[in-house]
Amino acid sequence: LSAATGPARSRQQAGLAGRGSAMATDSSRGSRDLSLVVAGLALGLATSWWLQRRERLAGLPAPNAELKSIHVIGDVYLDMIAKVSRLPQWDGDTLIEMPIETHPGGSALNTAVQLASLINTRWREPKMRKTVKFDRCVLHSLVGEDVYGQVVTERIKDTGVELSAPAVGGQGVCICLSGPTDRAFVSYRGTVERLCERDIDRSVLLTPRTGHVHFAAYYDCTGLQRSMPTLMKEARAMGATISLVPQSDSSGEWKTDLLDLLYLVDVLICNEEELARMTHLPRDEVDAAIQVLLNKRCKLIVVTRGREGAIAMSREERWEQPTMARQVVDTTGAGDAFAAGFLWGWCQEEDVRLGLIFGCACGAAAVGQMGGSHPLSPLEINKCMLGITPSVEPSARLDRRRLQRSRSQTQPELLHSASSGDLAMAGSPTALRNAQSDFSADVGARWQLARAHGSSTSLALSNSS
C-alpha cells in the first residue's frame with residue numbers, strides 16, 4: 001500500500017509546492033508592481049515640487065488657476081532703427097554716428113514684451129505677489145514665412161511672450177528714423193496688412209482665464225478692423241476688460257469708424273496728436289476732444305503728453321500725472337511702454353492713478369534705451385517711479401505759498417530705504433496738522449506712489465506727546 005500510494009503522494013506534494021511557488025511568484029510580482037507605482041508617484045511629486053521651486057527661484061510664477069492672462073492683438077514688425085539728428089534730403093546722404101539696429105517691433109509686440117516683463121519681474125518682489133492677478137501674456141498676430149519673419153519669431157521667444165501667430169507671406173518691416181525729440185517711419189505692412197480674423201486662434205484667446213484683451217494699432221491693422229467688434233463682444237462675454245490703441249493712420253483719412261467701437265472699450269489710450277485727428281478738433285482742445293469720445297460711451301480715456309506726462313478722464317473724474325524728465329536716447333516704443341505700464345497698474349484693481357504712475361514710469365524708462373522691444377529694467381522703472389511728482393487732481397491743486405509756509409514748520413519728508421525698498425513719511429505733528437488741508441492731497445498721492453512701488457507704508461510722528 002505504501003509503495004502504491006507513494007508516487008501519487010509525491011506528485012500531490014509536488015503540485016502543492018508548484019502552486020505555492022507560483023503564488024509566491026505572483027505575490028512578488030504584485031509587490032514589485034506596487035513598488036513601481038509608488039516610486040513613480042513619488043518621482044512625479046518630487047519633479048513637480050522641483051519645477052515649481054525652480055520657477056520661484058527664477059522669479060517666474062508657478063501655475064495658478066486663479067491668475068488671469070493678458071492678450072494683445074495687433075501688429076508685429078521688424079524694426080530697423082537709425083538714430084539721426086536730421087532727416088535725409090533727396091539725392092543726398094545723411095551720416096550717423098550710431099550703428100543701425102534691428103529689433104522686433106510694432107505697437108502690439110512692444111506692448112506685449114513690456115507686459116510680460118512686468119509680469120515676470122514683479123513676481124520676484126514678495127510684496128507684489130499678493131496683488132498680482134496675471135501670470136502670462138499672449139500675443140496674437142501674423143508673422144512672415146521669410147527670413148525676417150524667422151528673426152522676429154526667434155527673438156519673441158526670448159522675451160517671455162507667448163506667440164500665437166501663423167506664418168504667411170512677407171514680414172512687415174518698418175524703417176524708423178529716430179531723432180532727439182520725434183521720429184519718422186517708412187513701412188512695408190506685409191503681414192500687418194494681411195492680419196485678419198482667421199489668424200486669431202479663439203481657442204487660445206477666449207478661455208475662462210482671459211482677464212484682459214488689448215487691441216493695438218487699430219488704423220494699421222486694416223484687415224482686422226471689421227472683425228474687432230465681434231472679437232470684443234466675445235471677449236467681454238468671457239468676463240474680460242478691453243483696451244484699444246488707435247496708432248497713426250498713414251492714409252491720413254482718420255475715418256470715424258473707430259468711434260463706433262468705443263461703447264465696447266473700457267480704456268482708450270492715445271497721444272495728443274491721435275486724439276486731435278480722431279475727433280477733428282484742434283490739438284490744444286484736449287478736454288473737449290476727450291468729451292467727444294466719452295460721449296461715445298467709452299469708460300476711460302487716457303492721453304499721453306510726452307514730457308508733460310499723461311491725463312485720464314472718465315465721466316466722473318479727471319486725473320493728471322507728471323512724468324520724470326530724462327535724457328532721451330530713443331523715443332521708439334515709449335508710447336507702447338506707457339500703455340503696458342498703465343494696463344499693468346489699472347488691470348489689477350481698475351485703479352486709474354496706479355495705472356498712470358506705472359505708465360509714466362515705464363514711458364520714462366523706455367526713452368533711455370534704444371528700441372521699443374527690449375524688456376525694461378525693473379531698477380530703471382523703480383528709479384523713474386521714485387522720480388515722478390505725485391499726481392494731484394485740478395480740484396485739489398495746492399496753494400504753493402501756504403504749502404511753503406507749512407513746510408517751513410518741520411517739513412514732512414518722504415523717506416526711501418534703498419535696501420528694503422520701503423517708503424515712509426516723517427514729520428512733526430505740528431507740520432502735518434497745520435498743513436492738513438493743503439498737504440493731504442500730496443500725502444495721498446505719495447502713498448499711491450509707495451503702493452505702486454510695491455512698498456509697505458508707515459507714518460512716523462516725532463514729538464508725539
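Leaving aside neighbours within four places in sequence, valine 302 is in contact (heavy atoms within 4.5 Å) with Val267, Leu268, Ile269, Cys270, Ile311, Ala312, Phe338, Phe342 and Leu356. The model is a predicted one, in which local features need pLDDT of at least 70 and side-chain atom pairs count only at pLDDT 80 or more, while totals for chains, interfaces and linings use all residues. Residues are numbered from 1 along each chain as its sequence is written, and side-chain values use heavy atoms, with hydrogens and water left out.

Val302 also belongs to the largest nonpolar core, which has 57 residues and in which Leu139, Ile269, Leu300, Val302, Phe342 and Leu356 touch the most other members. A nonpolar core is here a set of buried Ala, Val, Leu, Ile, Met, Phe, Trp, Tyr and Cys residues joined through side-chain atoms within 4.5 Å, where buried means under 20% relative accessible area, exposed over 50% and partly exposed in between (1.4 Å probe, protein chains only). With 11 residues, helix H11 (residues 352-366) gives the most to this core; helices (H or I, at least four residues) and strands (E, at least two) are DSSP runs numbered from the N terminus. A second, separate core comprises 43 residues, including Leu259, Val265, Leu268 and Ala289.

The aromatic rings were examined in turn. Rings of Phe, Tyr and Trp (its six-membered ring) pair if their centres lie within 6.5 Å, and planes under 30 degrees apart count as stacked, over 60 as edge-to-face and the rest as tilted. By this rule there are 3 aromatic pairs. One of them joins tyrosine 218 to tyrosine 219 in an edge-to-face arrangement, with 5.2 Å centre to centre and 80° between the planes. Tyrosine 218 is buried, its relative accessible area being 3%, and tyrosine 219 likewise counts as buried, at 5%. The rings of tyrosine 219 and tryptophan 254 have centres 5.0 Å apart and planes at 65°, so this pair is edge-to-face. Distant parts of the chain are linked by the pair, since tyrosine 219 lies in the loop between strand S8 (210-215) and helix H7 (228-237) and tryptophan 254 in the loop between strand S9 (241-244) and strand S10 (267-271), 35 residues apart. Tyr218, Tyr219 and Trp254 form one aromatic cluster.

Alanine 184, in strand S7 (residues 183-188), is partly exposed, with a relative accessible area of 28%. Not counting residues up to four places away in sequence, alanine 184 touches Leu87, Ile175, Cys176 and Leu177. Alanine 184 and leucine 87 are separated by 97 residues in sequence and by 8.7 Å in space, C-alpha to C-alpha.
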